[in-house]
Protein chains: 2
Amino acid sequence: MKENVLQFGVIGLGNIGTGLVKNFIKNLDLIQSRAGIKLKLAKIADIDLRNKSHVQLDEKVYTTQASDIIDDPNIPIVVELVGGTTVAKDFIIRSIERKKKVVTANKALLAECGSEIIESLKKNPGAEVFFEASVGGGIPVIKVLREGFIGNEIQGITAIINGTANYILTEMEQRAVPFDQALQSAQEKGFAEPDPSLDIEGIDSAHKIAILGSIAFGAWIDFKKIYVEGISGITIQDIIYAKRLGYRIKLLAIARKSKKGIETRVNPALLDFHHPLSSVESSNNAVYIKGFPIGESMLYGKGAGDNPTSSAVISDIVDAAKSVKLGALATQHIFNRIDAQVDFADKMSWETRYYVRIQAEDKPGVLAGVAGIFAHHDISISSVLQQEESIDATVPVVMMTHIAREKNMISACQEIEKLDCIQGKVTIIRVLTQPS
Amino acid sequence: MKENVLQFGVIGLGNIGTGLVKNFIKNLDLIQSRAGIKLKLAKIADIDLRNKSHVQLDEKVYTTQASDIIDDPNIPIVVELVGGTTVAKDFIIRSIERKKKVVTANKALLAECGSEIIESLKKNPGAEVFFEASVGGGIPVIKVLREGFIGNEIQGITAIINGTANYILTEMEQRAVPFDQALQSAQEKGFAEPDPSLDIEGIDSAHKIAILGSIAFGAWIDFKKIYVEGISGITIQDIIYAKRLGYRIKLLAIARKSKKGIETRVNPALLDFHHPLSSVESSNNAVYIKGFPIGESMLYGKGAGDNPTSSAVISDIVDAAKSVKLGALATQHIFNRIDAQVDFADKMSWETRYYVRIQAEDKPGVLAGVAGIFAHHDISISSVLQQEESIDATVPVVMMTHIAREKNMISACQEIEKLDCIQGKVTIIRVLTQPS
């Protein structure tokens, strides 16, 4: 009977690792009966085993040496939950070299060193890497893209995949508090790290969209080529104006096909109230997918936390176990175009609608001057919001444009900022728009 | 090389069948490169082949005999797109007896004859039935429940899974038109059948929740035990009052665990504006899942139509092909508790909040009388909406209750209807509530 039990080891007994072990044990009967496979958590490795008491397993399960898992020929599945891009990378590469199935939640590593890992997989047939937990914790988007939507040409992915940023923007909108106060609230509630820059500056979202875009388009997206703009510049003023115009501001991660190639970017954007992503509140995540023949589809759920993440890791462990048992190689063909050249659309070629806010002197002719500059750059205004809210004899003027080219918008803003009647910089926020 | 090509046959060249064939051919290269399996559409059977011209395949692919597919030992995968519960059942059972992999979109057949099909599967090891397309067209909810959430105890599923009903309710709310007019608009736009009763009376939703609940709870849910209440009794008045109270009315299909057993029902319900299901508009579908450890999760997309449905069928064909190739038996363990006794919660034991509307004489003491009856039945009122809209000297009184027992609510309504000061029947609509 023993040969029918598949063993796995977990490297990393932090928050995520502890949650995984607890939930795996709690739901083990259910998992085994559904999978039709017996699973055994053979070893847990961490240099710091202080969380042992939370999981209460036999003492001989624990080790401080990752190699006790990686080098054990009886453990075909290695779960890497260390995080980071240093030792974790070494653990994964060594496991691949031993033809193992690796399960990881490490988005930074995949986004930044994905091509190295893929190279190593190619050299070691039989090895596989499963990474459902790397994007959107409880949202099974990797499996859906890989299998559920296997019959689709994916046209684009638009995602809210950073819970911290979404919590802050939701707080700002619903409680009318400024960015700093919303960030502080997020930190107090444990939704933001003491150093929140990875989240609020969009880096974490960029890691995740690199992974999703790579699966969707079948070619590894270079993380460094993703344009990244965070939310620290978003003001409560812009959120209020956007709301008056029928929009919410969200931090979006986008990977989509355009006439000019694949467009990959992370930026705050205005979303129409009727767009399904616009009602994603607080720390929730959602991934909106357009494809043919599915049309539009969205997956919504908890993006982080030990519980949702452990659901994703367990699903991968089961898939890895099936792969060991059957030689299924579930992940083998994900990056089928990995050797192909992928064209990235240059930022200047992007086409989208824009929200524009300027602080202008409250006198005749200002609007005409600004509108004239836009017209000269082939940018057409769809609506204007100008209200009697004079501050130091200047007024905010908010405009929404029709679809315009990024290059033209940047040139127009530079010209507008030179006008005497304009105070400070022009604020522009992109509007979520289908490529024309 | 030929043995590496897996052949499948399609029975039924109606709207869905034609869409499948077209989209399979269009995306074939993509599908094969992702799956790592070569697939061939070997035969298409229909007694009426008038759609041949839309797909333009070699003449020898077509047949009017389903048995040319079912009885061909070189075709291991049979795609049943005939629909209905008569010949389709025969085709599926015969295919199972030949140890084939069956792919079907037939929700009525699965819901009404599921246990017979499962019995047949048990007697024919190797045979499998895949049915992603039976629920929520472009929404990969079967795969997500079966694999993505394999590590979860599912606590409940709440779904908007009938596009026609949701279109009608959205029209009523957004355009303030009565039910009949919204239904007519749905029929004109092709969102409703000439005979819309399956959709608007909730039968179609009940078919689908029977399937989802069965997978979630691991035991076949008897379709006949599902309580079904449609939307034909919903008035524009109720939609407007609900909106004033911060709710939208949706036709919900629910399968959830309660203290008294599994509760399965289809009924219109009030949803808080902040609930992610409340912003599912028009003919879109969404399935909201609560589980441990995932927490809350929702899948959203197109529920019907040849394109979204073909995405689901293609995904199943690929899974079936992998199963043929590897002996994976992906679906084998879905109904792991099939022989177990499932307790269904009796309708009278349900506990939920209620929206109550009565038409009462506009005189002192009426509210006190009604409130007294509720109190006597252990039902506590959370808010009252009474406005000066006297019609024939009567006024509508709208009340929201705290969580109450169905049994008590029914008794209370019977008593209230006997009051002289009350006109007509009491309208009650359940409110989506987490079981206490």
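Reply:
**The contact between the chains**

The contact takes 48 residues from chain B and 48 residues from chain A. On the side of chain B that touches chain A, at least two residues each come from α2 (28–35), α7 (141–148), β12 (295–302) and α13 (306–326) of chain B. Of these elements, α13(B) provides the largest share, nine residues. By residue class, the side of chain B that touches chain A divides into 19 nonpolar, 21 polar and eight charged residues. The model is a predicted one, and the predictor assigns the complex an ipTM of 0.94 and a pTM of 0.95. For chain A, the average pLDDT is 92, and 95% of the residues score at least 70.

Strand pairing also links the two chains. Strand β12 (residues 295–302) of chain A pairs with β12(B) in the antiparallel sense, over five bridges. Within this pairing, Gly301(A) stands opposite Ser297(B).

The nonpolar core may be considered next. The largest nonpolar core holds 267 residues, and the members that touch the most others are Leu212(A), Val287(A), Leu212(B) and Val287(B). Beyond its neighbours within four places in sequence, Val287(B) is in contact with Gly136(B), Ile139(B), Val141(B), Ile157(B), Ala159(B), Ile161(B), Leu212(B), Met298(B) and Leu299(B). Among these contacts, Leu212(B) is itself named with Val287(B) as a member touching the most others.

The domains of chain A give a second contact to examine. The domain assignment of chain A lists domain 1 (2–137 + 306–326), domain 2 (141–301) and domain 3 (349–431). Taken over C-alpha atoms, the centres of domain 1 and domain 2 of chain A are separated by 28 Å. Their contact draws 15 residues from domain 1 of chain A and 15 residues from domain 2 of chain A. On the domain 1 side, α6 (107–123) and α13 (306–326) of chain A each supply at least two residues, and α6(A) gives the most, with eight residues. That side of domain 1 of chain A consists of seven nonpolar, five polar and three charged residues.

The sheet of chain A comes next. Six strands of chain A form an open sheet with parallel pairing, in the order β3-β2-β1-β4-β5-β6. Because β3 (62–63) and β6 (128–130) of chain A stand at the edges and each has a single partner strand, one side of each is left without a neighbour in the sheet. Strands β1 (residues 5–11) and β2 (residues 38–45) of chain A pair in the parallel sense over seven bridges, and one bridge joins Leu6(A) to Leu39(A) in β2(A).

Helix α5 (residues 87–97) of chain A has Ala88(A), Phe91(A), Ile92(A), Ile93(A), Ser95(A) and Ile96(A) as buried residues. Their cover includes β1, α4 (67–70), β4 (77–80), β5 (101–104), α6 and β6 of chain A. Just after α5(A), Lys99(A) adopts a positive phi of about 60°.

Further pairings occur within chain B. Strand β15 (residues 394–401) of chain B pairs with β13 (residues 351–361) of chain B in the antiparallel sense over seven bridges, with Val398(B) as the bridge partner of Arg357(B). Strand β14 (residues 381–386) of chain B also pairs with β15(B) in the antiparallel sense, over five bridges, and Ser383(B) stands opposite Met400(B).

How values were computed:
Residues are numbered from 1 along each chain as its sequence is written. Chains are lettered from A and ligands numbered from 1 in the order in which they are written. This is a predicted model: local features need pLDDT of at least 70, side-chain atom pairs count only at pLDDT 80 or more; totals for chains, interfaces and linings use all residues. pLDDT is the predictor's confidence in each residue, from 0 to 100. Two strands pair if DSSP finds at least two bridges between them. Helices (H or I, at least four residues) and strands (E, at least two) are DSSP runs, numbered from the N terminus. A nonpolar core is a set of buried Ala, Val, Leu, Ile, Met, Phe, Trp, Tyr and Cys residues joined through C-beta atoms within 7 Å. A residue is buried if 20 or more other C-beta atoms lie within 10 Å of its own, exposed if 12 or fewer, and partly exposed in between; C-beta atoms are placed from the backbone. Two residues are in contact if their C-beta atoms, placed from the backbone, lie within 7 Å. Domain bounds come from an automatic or database domain assignment. Ala, Val, Leu, Ile, Met, Phe, Trp, Tyr, Cys and Pro count as nonpolar, Asp, Glu, Lys and Arg as charged, and the others, Gly among them, as polar.
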